[in-house]
Amino acid sequence: MIRKIIHINKEKCNGCGACAAACHEGAISMINGKAQLMRDDYCDGLGDCLPHCPTNAITFEEREALPYDEAAVETHKKNRSPSHAGGCPGSQIRTMCPGQSSQSLQTHTPAPTGHNTTTSQLRQWPVQIRLVPASAPYFADAHLLIAADCTAYAYARFHDEFIHNKITLIGCPKLDDIDYADKLTEIIRRNNIKDVTIVRMEVPCCGGLEQAAKKALQQSGKFIPWQVVTITIDGKIKED
């Protein structure tokens, strides 16, 4: 039969696995670092994976394809091993409880005597703007932190003063060379975001992240409290 089904452009695919994580039917798997539609009858043609692709590698096409088989999908989902569910492990959604250190962290080299130690305040995974699903459950009633990835290295108390009690998104407009505005707009529109804190470095290229966040707030059509904090290269908060 001729029907609408997804098409994956392997040239555009960056192997992030976000589409596989978003596909409720398990129709997409990561093969040799690229997303691949495994069977036509697993794809319902609704395209839940499309908005999660950071490179626009997934589109719709109409072609000869097997009809969607709900029974086959349910059997497939039951038989999948956890390691293959949801695509790339680095893109799988996780919610953490700050303060509960993992064993691997506990065996890390301790800080020298007299140095302050802190506990990670990160509440969710993934954190990269390009990888995070816009409909992730942890966005519900979230205090949103949008930060340039260098800020956590420059500012020593970043976890305690910025990440604490927030859902964290990071990116670098210079390295990614993309406009984050559309993805951030989708996150804000879909979820009840309480407020937004934007943390950037003082260097000019970081202005791209600030502008994308401001544009997203405007495009969302919502009135949400927001603030911008600028970190200096020597690790201080820049005063206005």
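This is a predicted model: local features need pLDDT of at least 70, side-chain atom pairs count only at pLDDT 80 or more; totals for chains, interfaces and linings use all residues.
## A walk through the side-chain contacts

Let's start at Cys16, which is buried, with a relative accessible area of 13%. Where is the closest cysteine sulfur to that of Cys16? It belongs to Cys19 and lies 6.2 Å away, which is too far for a bond. A disulfide needs its two sulfur atoms within 2.5 Å. Cys23 is in no disulfide either, as its nearest cysteine sulfur, that of Cys49, is 6.2 Å away. Cys23 is also buried, with a relative accessible area of 12%. In total, the structure holds zero disulfides.

Now turn to the aromatic rings. The structure holds three aromatic pairs. One of them joins Tyr138 and Phe139, whose ring centres are 5.2 Å apart, with 65 degrees between the planes, an edge-to-face arrangement. Both of these residues, Tyr138 and Phe139, are buried.

Further along, Tyr155 and Phe162 have ring centres 5.7 Å apart and planes at 65 degrees, so this pair is edge-to-face as well. Tyr155 is buried at 12% relative accessible area, and Phe162 counts as buried at 6%. Together with Phe158, Tyr155 and Phe162 form one aromatic cluster. A ring can also meet a charge: Lys4 lies over the face of Phe60, at 4.4 Å from the ring centre.

Next come the charged pairs. How many salt bridges does the structure hold? There are eleven. In one of them, Arg39 meets Asp41, with the closest N and O atoms 2.7 Å apart. Are these two partners buried or exposed? Arg39 counts as partly exposed at 37% relative accessibility, whereas Asp41 counts as buried at 7%.

Another salt bridge brings together the side chains of Arg63 and Asp40, at 2.9 Å from N to O. Arg63 sits in strand β4 (residues 58–64) and Asp40 in the loop between β3 (34–37) and β4, so the pair ties together parts that are 23 residues apart in sequence. Both count as partly exposed, Arg63 at 26% relative accessibility and Asp40 at 22%.

Our last stop is the salt bridge between Asp176 and Arg130, at 3.6 Å from N to O. This pair links distant parts of the chain, 46 residues apart: Asp176 is in helix α6 (residues 173–176), and Arg130 is in the loop between β6 (124–125) and β7 (143–148). Asp176 counts as partly exposed, at 21% relative accessibility. Elsewhere, salt bridges that share partners join Asp40, Glu61 and Arg63 into one network.

Methods: Residues are numbered from 1 along each chain as its sequence is written. Side-chain values use heavy atoms; hydrogens and water are left out. Buried means under 20% relative accessible area, exposed over 50%, partly exposed in between (1.4 Å probe, protein chains only). Rings of Phe, Tyr and Trp (its six-membered ring) pair if their centres lie within 6.5 Å; planes under 30 degrees apart count as stacked, over 60 as edge-to-face and the rest as tilted. A charge sits over a ring if NZ of Lys or CZ of Arg is within 6 Å of the ring centre and within 35 degrees of the ring normal. A salt bridge is a side-chain nitrogen of Lys or Arg within 4 Å of a carboxyl oxygen of Asp or Glu. Helices (H or I, at least four residues) and strands (E, at least two) are DSSP runs, numbered from the N terminus.
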